[in-house]
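Subject: Structure handover

Hello,

Here is the structure for you to take over. Please open it first, then read my notes below.

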Amino acid sequence: MSQPNDQYAVALHGGAGAVAGRDYDSVEKHLRTLTGECQAMLSAGRTSLDVVEYAVREMEQSGMYVAGRGSAANSAGYVELDASIMHGPSREAGAVAALPGFMSPIQIARGVMEKTPHVLLAGAGAKAFARNNAYAEVLNADDYYQLPVGVTEEDLATASAHGTVGAVALDQSGALAAATSTGGTFGKLEGRVGDTPLIGPGTWADDSIAISCTGTGEHIIRAGGAISIACAYKAGAPLDNAINDMLDEVKRLGGDAGIIAVTQELGIATLYNSDGMKRASVSSRQPLEVATFA
Ligand code: ASP
């Protein structure tokens, strides 16, 4: 790890499922505020791991995105959540998949990382872990879950409609971290797990790069996802090329996706081949930027 300095970077995404022509002003406002908070945390010396967990937790609990409170029921009529988090320097990682009924899956994913010898807990086992460790549970699903911004009731019947939240950060000690959380694709089958909770395809952080993916999970998994970008980048590919090659492969397979990445060298990329991707970024050398479409 490099010596402490005053350099930092953070990027957030609110999903690559943005639909052209819909209004995401409130989402952009939320992302701007949240990115400013992340910047303040990083400037004050907080760790990238704390920052990505904080950002994803706030997005989960806002109900504005397809994650946490903004998630929709699966084909069996209940919400199942996926989330993962990874710390670059230690390569420690934690994840939950097909987890029913908890407010902040990303907090539980961090709990899996810190309190168990495992990387991924799924379904009933993830629920038992969350209960045993007293994570906040959703007691009344009908009252809690809500339609996220830009999503209509009709979208819920479209299996290709989707959304996710993610965060990547570099802190002043040179540590990279990544976190991703989703309610998955609409109309998904019970037990369906996408790329988001998978360390490698959906989320990745090492000493060089931190990456969070969004998009059609089945295609991202089959295209290799985040880990294929990290390998290409570490083999010498320019950051944007490494990402665009993976995005092209997702497209070739019939899907669409978006990527946020930060590198040890303060590089930031927010690229997508869907209609749009709700996104924001800032670093010690780049002013805060927020956008949804091109
Ligand atoms: N990747 C997520 C999934 O397939 C969805 C998304 O990012 O929009 O579950």
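A residue counts as buried under 20% relative accessible area, as exposed over 50%, and as partly exposed in between (1.4 Å probe, protein chains only). This is a predicted model: local features need pLDDT of at least 70, side-chain atom pairs count only at pLDDT 80 or more, and totals for chains, interfaces and linings use all residues. Residues are numbered from 1 along each chain as its sequence is written, and side-chain values use heavy atoms, with hydrogens and water left out.

Two alanines with positive phi

Ala-134 is exposed, with a relative accessible area of 66%. Its phi is near 60°, a positive value in a residue other than glycine. Ala-134 sits in the loop between α4 (123-132) and α5 (141-144). Helices (H or I, at least four residues) and strands (E, at least two) are DSSP runs, numbered from the N terminus.

Ala-98 also has a positive phi, about 50°, and is not a glycine. It belongs to strand β3 (residues 92-100). Ala-98 is buried, at 7% relative accessible area.

Cysteines

Cys-38 is buried, with a relative accessible area of 0%. Cys-213 is buried too, also with 0%.

The four-stranded sheet

An open sheet runs in the order β7-β8-β9-β10, with antiparallel pairing. Its edge strands are β7 (203-205) and β10 (268-272), and each pairs on one side only. Two strands pair if DSSP finds at least two bridges between them. Three bridges join β7 to β8 (residues 209-215). Thr-203 stands opposite Ser-212 in β8. Helix α7 (residues 226-234) lies across β7, β8 and β9 (257-263), at about 145° to β8. Axes are lines fitted to C-alpha atoms, for helices over the stretch in contact (heavy atoms within 4.5 Å). Angles run from 0 to 180 degrees between N-to-C directions.

A helix pair

The axes of α2 (residues 48-62) and α3 (residues 105-115) come within 8 Å and cross at roughly 145°. Contact residues include Leu-49 and Arg-57 of α2, and Ile-106 and Arg-110 of α3.

Best wishes
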